[in-house]
Structure formats: C-alpha cells, structure tokens
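Subject: Handover of a structure and its analysis

Dear colleague,

Please find the structure below for your records.

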Amino acid sequence: QVQLVESGGGMVQAGGSLRLSCAASGRTFSSYAMGWFRQAPGKEREFVASINWSGDSTYYADSVKGRFTISRDNAKNTVYLQMNSLKPEDTAVYYCAARGLYYSRSYSSRDYEYVYWGQGTQVTVSS
C-alpha cells in the first residue's frame with residue numbers, strides 16, 4: 001500500500017513557475033514508477049509526465065515538454081514536478097500516481113496502469 005500526498009499548488013501568473021511535490025508513505029516507494037496527471041474543469045484527465053523507479057528515465061506529454069521537469073528523491077520518498085513558463089492552459093488539478101508493479105518499473109503515460117493516486121493539488125495560471 002502506498003499513500004500519496006501532493007503539495008505546492010497555487011496561483012501564479014503566466015510565465016511563472018511552481019514546483020509540486022508528492023510525498024509517499026511506505027518503504028517500497030523506490031520500486032514504483034511514478035507519474036503526474038492533471039484534470040482541467042470539464043476535461044478528461046490527461047498525462048503530464050512520468051519517471052522510472054530509479055529516476056534516470058523520464059517521459060513527457062508534448063504539451064509540457066521543455067517546460068516541465070519530473071524528478072524523484074527515493075531517500076525522501078518524494079517525486080517532484082518543476083513547472084516553468086506556465087500558461088493559462090496549464091490550469092488544472094494535478095495528481096501524482098504510482099504505477100502498478102505488475103506492469104514494470106519503467107515510465108508510462110497510461111493512467112489505467114497507475115494503482116495509487118493522491119488527492120490532487122490545484123494549479124491556477126492567470127493571464
């Protein structure tokens with residue numbers, strides 16, 4: 001069992017930056033690939049970024065590539081999402097998630113492969 005708690009959301013002007021954190025409970029955090037997803041009002045949840053268990057492989061949605069960076073610190077049981085050059089269309093609730101070990105410890109954009117989810121943190125970007 002893994003419990004995930006996101007933090008770091010807030011309101012920022014376009015062009016600004018935020019860093020989201022996701023703290024995980026459990027001693028097996030380092031076994032899981034992790035992902036960030038987001039959901040804007042009236043829209044489906046979408047993939048943002050993913051990182052493998054060791055942190056040396058990452059994958060991004062085209063919409064955030066070059067602006068967002070996912071990273072992890074297994075000693076701290078935490079995964080991060082550094083968001084730069086934010087745009088109004090980045091406004092959403094952001095969720096971190098842990099990928100099921102059944103699949104693998106590599107990254108993935110498929111949300112159905114993630115079995116543990118946080119409660120989400122709101123990010124609002126004003127124009």
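In this predicted model, the largest nonpolar core has 35 residues, among which L4, M34, W36, L81, M83 and Y94 touch the most other members. A nonpolar core here is a set of buried Ala, Val, Leu, Ile, Met, Phe, Trp, Tyr and Cys residues joined through side-chain atoms within 4.5 Å. Buried means under 20% relative accessible area, exposed over 50%, and partly exposed in between (1.4 Å probe, protein chains only). At least two residues of this core come from each of β3 (18-24), β4 (34-39), β5 (46-51), β7 (68-73), β8 (78-83), β9 (92-99), β10 (114-117) and β11 (121-126). Strand β9 supplies the largest share, five residues. Strands are DSSP runs (E, at least two residues), numbered from the N terminus.

Two residues may be described by their contacts (heavy atoms within 4.5 Å). Leaving aside neighbours within four places in sequence, L81 is in contact with L18, R19, L20, W36, V48, A49, F68, T69, I70 and Y94. S21 is found in strand β3 and is buried, at 17% relative accessible area. Residues up to four places away in sequence not counted, S21 touches V5, E6, S7, W36, T78, V79 and Y80.

As to aromatic pairs, a search of the whole structure finds eight. Rings of Phe, Tyr and Trp (its six-membered ring) pair if their centres lie within 6.5 Å; planes under 30 degrees apart count as stacked, over 60 as edge-to-face and the rest as tilted. F37 and Y114 form an edge-to-face pair, because their ring centres are 5.0 Å apart and their planes stand at 75 degrees. Since F37 lies in strand β4 and Y114 in strand β10, this pair ties together parts that are 77 residues apart in sequence. F37 is buried, with a relative accessible area of 1%, and Y114 counts as buried at 4%. The rings of F37 and W117 also have their centres 5.0 Å apart, but with planes at 50 degrees, so that pair is tilted. W117 counts as partly exposed at 26% relative accessibility. Ring pairs link F37, F47, Y59, Y107, Y114 and W117 into a cluster.

Residues are numbered from 1 along each chain as its sequence is written. Local features need pLDDT of at least 70, side-chain atom pairs count only at pLDDT 80 or more, and totals for chains, interfaces and linings use all residues, while side-chain values use heavy atoms, with hydrogens and water left out.

Yours sincerely

Definitions and conventions: Helix = DSSP H or I, 4+ residues; strand = E, 2+ residues; numbered from the N terminus.
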